[in-house]
Structure formats: structure tokens, C-alpha cells
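This briefing is intended for a reader who is meeting the structure for the first time. Please keep the sequence and the model at hand while reading the points below.

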Protein chains: 2
Amino acid sequence: MTTPLPRSHPRVVPREGMPAAVTVYEVGPRDGLQAETDVIPTAVKSELCARLFAAGTRALELTSFVPPSWVPQLADAHAVVASVRPPEGARAVALVPNRRGFEDALAAGVREVAVVVSATDAFARANLNTDRAGSLARSAAVVTDARAIGIPVRGYVSMAFGDPWEGDVDVAAVVDAAAELYGAGCRTIALGDTIGVATPGDVERIVDAVEDAGVPRSALALHLHDTYGQALANVLAGLQSGVTEFDSSVGGLGRCPYAPGATGNLATEDLVWMLEGLGIRTGLDIAALARTSSWLAGVRGRPHVSRVAAALTRTPPELSEEPSV
Amino acid sequence: MTTPLPRSHPRVVPREGMPAAVTVYEVGPRDGLQAETDVIPTAVKSELCARLFAAGTRALELTSFVPPSWVPQLADAHAVVASVRPPEGARAVALVPNRRGFEDALAAGVREVAVVVSATDAFARANLNTDRAGSLARSAAVVTDARAIGIPVRGYVSMAFGDPWEGDVDVAAVVDAAAELYGAGCRTIALGDTIGVATPGDVERIVDAVEDAGVPRSALALHLHDTYGQALANVLAGLQSGVTEFDSSVGGLGRCPYAPGATGNLATEDLVWMLEGLGIRTGLDIAALARTSSWLAGVRGRPHVSRVAAALTRTPPELSEEPSV
């Protein structure tokens, strides 16, 4: 009897109605790391981005130009951008919370930015120091400025499926925010399940409602957290609804601020396993992603939460055997 | 500002083409615990079953009547069955690997059994001490005996989507095994993704192929491990293919023998979150399931891997704060 081995790739069995290719938009260096309390050295962030590009990533959110007092982890945004060498044709994006952040990002050499609005007043107050309408006005102004100089903008609608203060979120508020950002000139609208509570019917309904308001499905992305383990099923619902851009973080990097044990973004490896099994092209190399997760787990001294990475590297999520750098 | 709270229930947004209700078949006490190396006291197993029934479980696989030398964890099968008081109408099932196990189960008072066959020779040799054809013949004989005395039988087809020794598994072998078990008189055929590698197109294809061979969709169950994080997306594909019975284990109990860090069965809480969000009745109480997971994590001194339980109990997967019993 030979030794049993983990399967390193899924069997490819396409389904009808699926796209031929999708964009996997990697948010690990920004959305994943911003939740870390231990500040990670710039050199590690730079190596993380290099490893991701080498694994095939062609859409990468590098960092956020927020005031260092808000998120000390991202105080090195300028240095991170300066250190990264995106391959030809790759998108290297920075989040900008306001005009000051946008100007800083431009000065650092960023050529694509993302803005964020909240679908709820509560999240806007807690995270953006304004209310829902204020977050929209602030971001729309940045979009206008960016479009005027040919900089493409991605628009996030946070708390699009639920909010830990307000509970259920009004679908009309999500639709209005998405339509306003799109009308202002955003190229992509990323609907964020910031707390990971959505289920597949919810995804289908929101995508339909946003399209009814004039935002084409081809301009939508889904930004799904896996807090309740629902993210990949929601990606499947999104694919069936015509969405072709999905956010994820390598190793499932990220945390949930109100629930210490809860996970963060959907893990890129787990997403790519499903997409590859469905015969949908991503350009990403599962093994290289899993190695990157294990490397980063060693550096952080924290387990990754990607199930694919755990299976492929034979590394328990509780303990990485990879050496730290 | 009030304190942010985890959402305790999903918003209900039905999708078209979904069933009104499904059976969640709980395998934690058997499939979950059999992978544990530390033997758990019978009293804990008995309390686990009682808590599961109290949480609404109406289909529970209690244990397996295997030789104690094979699985020391399940050597107390008789005592577990004797200690459990299933509510009126609930199914209390025991796995029986062969005729001897079937006779022992009957003697213990079991009134529904499950048999297992392998879709591959390699798994049959490693786990059942026979080959594929031998596992089929052995189980078919038990089914015949059981049907003769009115005992319903569930038939598992293990390694239906992939095998760690053989790689991809021949679809025809899976179909033959399912059709033979159904023809012998099994009431339900549970297609097992024992190593968790399947993706949604794979699920749809196997369900279609098995039905083409004469096993109605209404007689199928999906037994999905979450080793690669794919299980819940595959449940969604199964629902869309007309499957209405799904296996899971509370807290995602269970491990993967060849990959130390990999997870076991799909977590019941995560499954029920999606089903409840889709408006599909299960009869299960998410909060009671999450409390059971946390209690069991404390008893085992090991983290659960249910993401819903982690979010709801605010208990990091790495460390349960629940007292041990």
C-alpha cells in the first residue's frame, strides 16, 4: 500500500452558466493585515506582495492610506507601495478613506484606488467618523477627482448584508450607495459582507436589486468574510448571478473585531480550489498560495485558517512548521 | 454607541428551486469521535447525544459496532446505545461494518443501521480489510438480513469524489455501488466525499449519474467533509440537484487521518446557518448547537472548527472558555 496523499488539485467538472474566467481580488495585505495588533515589518509586507504576484495574483490591494493614528499597522503605506514591483498588467490598488489619503496615495505612485462607504450609519460612525450620507459624499468627491486624472476607482459598500449594531441592513440603502458610487464613476462596486452573515438567497437578491438600479452585474464584485463559514457558498450564488470578481485573502488572513475567535476574509486558496474545480480560469497557483499562507503563518506566529492550505501543507492550523523570517 | 453584537440568526431570503425542509443527519458522535485518539468517556458521549436531541436533531448516528481493536474509541457502542433516549420519531442509527456488527447492534436495541462500501479498492483495503467488490458483497448481505426483519438501512459510498491513494475516482464505480446498495434495499444512499475534495460541478454530475442508474434523488444524501473548505458550497449544489439529506457533525468534529491539520465533517452549525437563511426548515436550534460545540471543545481540550459557533460564543477556536465536565 502506498502512502495516502492529499489531493493537490480538484478534478475539473464544469457547470452550466458559469463564466470562463473570473478576477480574484487579493485583499490580504490590506484587509487582512489591518486587523493585526502586532505591527508587521514593511519587509514582510513587501515579500508577501511579491509572493502573491509570483503565485499569479493580478489584482492586489496593497495597503490603505489612513492616518497612522487610526491603523498603526498601515502607517508604512508609502514604503510598501514603493517596495512593490507589480508585474506587467497587474492591478496594484490602495484604499483611500478621504481626499488626504488619495493625495498621499498619488504621491506614493499609486495608479488605482479604492474608496469605502457604509450602508449603515452605525458602521460609518464607528469606522469612518461620519454617517452614511457623509461617507457617500466624501467618497464621491474622491471618485470625481480621481476620474478627472484618469485614475480608476473601486467602490466598497461595507455592511451590505448585516451590521453588528443595526442588525439587518436595508436593501434600499445598499442599492442607493452602490448606484451613487457607480454614477460618480467607480469602475467596480464591491458589495461587502463585512461580518460574514449572508446566505445565498441574500446574495442573489442584492445583486438583482443593484442591477435594477443601473449598476451592471459586470461591474460588481463580492467582498465576503467567512465569519459564519458561508463565504464560498455565497461565491457560488454570486457566480450564478453573473458576478465575476471576488475578494479573498491568502490564508484567510484577517479577524473579526467583535468576535475574537471568528475568521476574516474568505481564504484565497479555498476560493481558487472551487473555481479551478468548476473549470473557471483564475491564473492562480494553489500550491504557491498555500506555501505563502504557511510562510506568513510562521512569520505571524499565528495559524492561517485556510482549509486548503492546511490540507496541502500538512500543517495543523494551530501550529505552523514553517520557519519564521 | 451600543456594543456591536454577533448576529445570532441569518436573515431569511429564500431562493427558487429549494426544498421546504431537509434532514440534517448528525454524524458527530460516530464519524467525528472515531477519529479522536483520546478515548472519550461513555457519559460524555451520552450527554453529547442528549444535547443534540435537545437541540432538535432528529437523525443521529450514535456509534459504530466495529471490533474494539479497530477503533478503541467506539468500544462502548453497546453502552452508548443503552444510555441514549431518542425523542419520539427521532432516528437513532448505528454503523455496522459487517454481519457480526449488525447482530451486536440488534442485541443492543438498535432499530436503524448504516453500512459502508468503498468506491475504490485502496480505501476498502485500508479501512474495510477487503476490496471494492468484497465491501459491496459484505454490505449487501447485511442489507438483505436487515430488510428481512424490517430494519431500515442507510448505505454509505465512501471515497465517492476522490481517494488519497488512487486520486480521481471512477464515476461508474460510484454509480454501481450506489445502485447495488439501493437495489439490495437501502432506504438512503449517502455519497461520501471522505477527503473533502469535491467541487459543485462534481456533485451535480454524480447526483445526475446515480439517478440515471435508478436511484431517485429523494433517496440520496451527501456526506461531505470540509477538508478543503468546499462542503457548504457543495451542499448548495446538492440542494439545486434535488438532494434533501445532508450529513454534518456538531462543531465540525472529526479529523482527516492523512493531514493532521485538516478538518473533518462539515460543521452542523455552519450548515444550519445557510439552510435557515434560505428559509429551509431543519428543526435545529443554532444557539443550542453552538453551545454544544463549545461544551464539547472544553471536554476534549481541543478547539471546535465551526465558524458559526466561534462567532456566536465569542470563543476563539484556539481556546474554549467553557468549563470541562
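**Helix H8 of chain A**

Helix H8 (residues 200-212) of chain A has 13 residues and, at 1.5 Å a residue, should span 18 Å; its end C-alpha atoms are 19 Å apart, which agrees. The model is a predicted one. The points that follow take up this helix, chain A as a whole, and a strand and a residue of chain B.

*Surroundings of the helix*

- The buried residues of H8(A) are Pro200(A), Gly201(A), Asp202(A), Val203(A), Ile206(A), Val207(A) and Val210(A).
- Within chain A, the buried residues of H8(A) pack against helix H7 (171-184), strand E6 (188-193), strand E7 (220-224) and helix H9 (231-240).
- The buried residues of H8(A) also pack against two helices of chain B, namely H9 (231-240) and H10 (268-277).
- After H8(A) comes Gly214(A), which has a positive phi near 105 degrees.

*Chain A as a whole*

- Chain A contains 12 helices and eight strands.
- A compact globule of 325 residues would have a radius of gyration near 20 Å, and the 19 Å of chain A agrees with this.
- Along the principal axes, the C-alpha atoms of chain A fill a box of roughly 65 × 45 × 40 Å.
- Of the 325 residues in chain A, 58% are buried.
- When contacts in chain A between residues at least 6 apart in sequence are considered, 70% join residues at least 24 apart.

*Strand E3 of chain B*

- Strand E3 (residues 91-95) of chain B is mostly covered, with four of its five residues buried.
- E3(B) runs parallel to strand E2 (residues 59-64) of chain B, and five bridges join the two; Leu60(B) has Ala92(B) in E3(B) as its bridge partner.
- Together with helix H3 (residues 77-83) of chain B, E2(B) and E3(B) form a right-handed β-α-β unit.
- E3(B) also pairs in the parallel sense with strand E4 (residues 113-118) of chain B, over two bridges; the partner of Leu95(B) in E4(B) is Ala114(B).

*Arg154 of chain B*

- Arg154(B) is located in strand E5 (residues 153-158) of chain B.
- Arg154(B) counts as buried because 26 other C-beta atoms lie within 10 Å, and the cut-off for a buried residue is 20 or more.
- Leaving aside residues up to four places away in sequence, Arg154(B) touches Val93(B), Ala114(B), Cys186(B), Arg187(B), Thr188(B) and Ala190(B).
- Gln240(B) is 86 residues from Arg154(B) in sequence, and their C-alpha atoms are 22 Å apart in space.

Definitions and conventions: Residues numbered from 1 in each chain as written. Chains lettered and ligands numbered in written order. Predicted model: local features only at pLDDT ≥ 70, side-chain atom pairs only at ≥ 80, totals over all residues. Buried ≥ 20, exposed ≤ 12 C-beta atoms within 10 Å, placed from the backbone. Pairing = 2+ DSSP bridges. Right-handed = clockwise from strand over helix to strand, strands pointing away. Rg over C-alpha atoms; globule rule 2.2 N^0.38 Å. Contact = placed C-beta atoms within 7 Å. Expected span 1.5 Å × (residues − 1).
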